[in-house]
Amino acid sequence: MSELRELYQEVILEHSKKPRNFHALEPASHKAEGYNPLCGDHFTVYVNVKDGAISDIGFQGSGCAISKASASMMTQTLKGKTTEEAENVFTRFHDLVTGHAPGNGEDLGKLAVFAGVSEYPLRVKCATLAWHALRAALRGDQDAISTE
Amino acid sequence: MSTVAKTPQEIHTAGTYDVYKIRKDFPILNQNVHGKPLVYLDNAATTQKPLAVIDAIEQYYRHDNSNIHRGVHTLSERATADYEKVRETARKFLNAADTKEIIFVRGTTEAINMVAQTYGRKNVGSGDEVLITALEHHSNIVPWQLLCEEKGAKLRVAPINDSGELLLEEFEKLLTPKTKLVAVAHLSNALGTINPVREIIRMAHARNIPVLVDGAQAVARMQVDVQALDCDFYALSSHKLYGPTGIGVLYGKTKLLEAMPPWQGGGDMIASVTFEKTIYNRLPYKFEAGTPNIADTIGFGAALEYVNRLGLDEIERHEADLLAYATKSVEAIPGIRIIGTAKEKAGVLSFVMDDIHPHDIGTILDSEGVAVRTGHHCAQPVMQRFDIPATARASFGLYNTREEIDVLVAAIHKVQKVMG
């Protein structure tokens, strides 16, 4: 049960039930889809970039609790950050959920609740789906990205 | 006679089918997962293997390993005899008319692809149609899409109702002079629906259209008689039938197989080769190019013999009891919806839960030692039909018990507790 509680922390469950910034942006300067064909998780991430910074960000779609909470908290964390900072957070978040973060996410603020994912290798794709979509959006990739 | 009162479960299995004794034949079942006894309910994905199968493969590699159909030495003779004996066991298992109608392939997927690439390429042309149903596995969709794309033909799909049953009248309407082949699942892996294959075949044959039956899920759960069905092709995988991976059978009627061009070229499938002309071998070898998967074929033979010893009628009865018990127990849990409620159903219980994604269900069930499949089950069009991204699926095998279903139900309650 303790490992499960590590994974399904209250904050994660709360975000999965009430996701923040859960809407499309019209218009959006950047947009990309993320799809995990294995489990059917499917999100679209919308971003508006102004003067090199993320002025607004939103997402839509459906997925498991982990993927949805991760997308929700990603939008909260990255609003106002520069695209460069966003890339940097992506890398550190990825290290955290794959168990490669030295400080166990101390520097990631609220996102540290995802540290438990590293005990569930099959769920890493859930936790990073929206992040991959975000990166594709910022880099201007047109095709839907897939975590498979 | 013992005077100890029997539990309901013991009375239930007090006949010749002793599931508790049968479980001892499967060493893998005797283990803990996350500190809990393994409850393996993913049998539609693959089944576990009895000792008889594991031993047969080991015995082959320890004593008999040799290439077949070519050496004159003792080991080669032994390996060839053992390999060919499985063809006869498989013939009998399916009640095929002749062993030459049993083609060994890698599995159901390869069997269907072979028919698409040989029979299909020869007989399906521009403007023609191939007819399937809405409950097919990807392996009975994509090979036909590849064929249709190549030939400029059209893939037609017969619809299902909200219970997951084929609409037979709609199916019949889609049989036209353009239809060159029908390909249907015997039993749906995602919904558990048993397709009315006998009716399907009768309707298609009335219009001289051959029928391929995807038997991947059916063969472990019911007696199949290809002559009584009168199907033209029947495809199956050993690994869903308590045998090893990497081996399966394509059954085909002699007349059709003989008229089909070979698929892969190489050794064993030829009678003679010159640079000017090659004469192909007779059936079934025409379709078995190269050194086959000898060890797993022998393991497959042991699996068939094992299943025969238990008796498919008994297995069918046991699993029908499990499915009825599981359906009743699971549908009583608030917030659960069962996907696939066909009247004729076997082996598979797919479900979704309010606001809880199947992926989360799968992780939490696993923490209780319960192995189920979550996802689209390689049947994305079925998920689209029911407007859901995925389901959680419990699928039963000959070794599962009612107590294991009780564990599943308790674990589902835990899912609701954890996800709050």
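**Chain B, question by question**

User: What makes H3(B) and H11(B) partners in a contact?

Analyst: On the H3(B) side, Ala52(B), Val53(B), Ala56(B), Ile57(B), Tyr60(B) and Tyr61(B) meet a set of residues in H11(B): Ala295(B), Asp296(B), Ile298(B), Gly299(B), Ala302(B), Ala303(B) and Tyr306(B). Residues count as in contact when their C-beta atoms lie within 7 Å. Please keep in mind that this is a predicted model.

User: What kinds of residues make up the contact of H3(B) with H11(B)?

Analyst: There are eleven nonpolar residues, one polar and one charged. Gly299(B) belongs to the contact, and Gly counts as polar. Asp296(B) is also there, and Asp counts as charged.

User: How do you describe the way these helices pack, and at what angle?

Analyst: Two packed helices are described by the angle between their axes and the distance between the axes. Here helix H3 (residues 51-64) of chain B and helix H11 (residues 294-310) of chain B pack at about 150 degrees, with axes 8 Å apart. The crossing of H3(B) past H11(B) is right-handed.

User: Let's step back to the whole chain. Why does the radius of gyration of chain B agree with a compact globule?

Analyst: Because a compact globule of 420 residues would have a radius of gyration near 22 Å, and chain B has 22 Å, the two agree. Along the principal axes, the C-alpha atoms of chain B fill a box of roughly 70 × 55 × 35 Å. The chain holds 15 helices and 17 strands, and buried residues make up 49% of its 420 residues.

User: What makes E7(B) a mostly covered strand?

Analyst: A residue is called buried if 20 or more other C-beta atoms lie within 10 Å of its own. In strand E7 (residues 179-185) of chain B, six of the seven residues are buried, and the strand is therefore mostly covered.

User: How do you know that E7(B) pairs with E5(B) and with E8(B), and in which sense?

Analyst: Two strands pair if there are at least two bridges between them. Strand E5 (residues 129-133) of chain B is joined to E7(B) by three bridges, and E7(B) is joined to strand E8 (residues 211-214) of chain B by four, so both cases pass that cut-off. E5(B) and E7(B) run parallel, as do E7(B) and E8(B). Glu129(B) has Thr179(B) as its bridge partner in E7(B), while Ala185(B) has Asp214(B) in E8(B).

User: Why are E13(B) and E16(B) called edge strands?

Analyst: Their sheet is open and has four strands in the order E13-E14-E17-E16 (chain B), with antiparallel pairing. Strand E13 (336-339) and strand E16 (373-375) of chain B each pair on one side only, which makes them the edges. The twist from one strand to the next averages 30 degrees. E13(B) pairs with strand E14 (residues 348-353) of chain B over four bridges, and Ile338(B) stands opposite Phe351(B) in E14(B).

User: Which helix lies across strands of this sheet?

Analyst: Helix H13 (residues 358-367) of chain B lies across E14, E16 and strand E17 (391-395) of chain B, at about 160 degrees to E16(B).

User: Where does chain B touch chain A, and how many residues are in contact?

Analyst: 15 residues of chain B contact 13 residues of chain A. H13, E16 and helix H15 (402-419) of chain B each supply at least two residues of that side, and H13(B) gives the most, with five. By class, this side of chain B has six nonpolar, eight polar and one charged residues.

Methods: Residues numbered from 1 in each chain as written. Chains lettered and ligands numbered in written order. Predicted model: local features only at pLDDT ≥ 70, side-chain atom pairs only at ≥ 80, totals over all residues. Rg over C-alpha atoms; globule rule 2.2 N^0.38 Å. Buried ≥ 20, exposed ≤ 12 C-beta atoms within 10 Å, placed from the backbone. Axes fitted to C-alpha atoms, helices over the stretch in contact; angles between N-to-C directions. Left-handed = near helix turned anticlockwise from the far one by under 90°. Contact = placed C-beta atoms within 7 Å.
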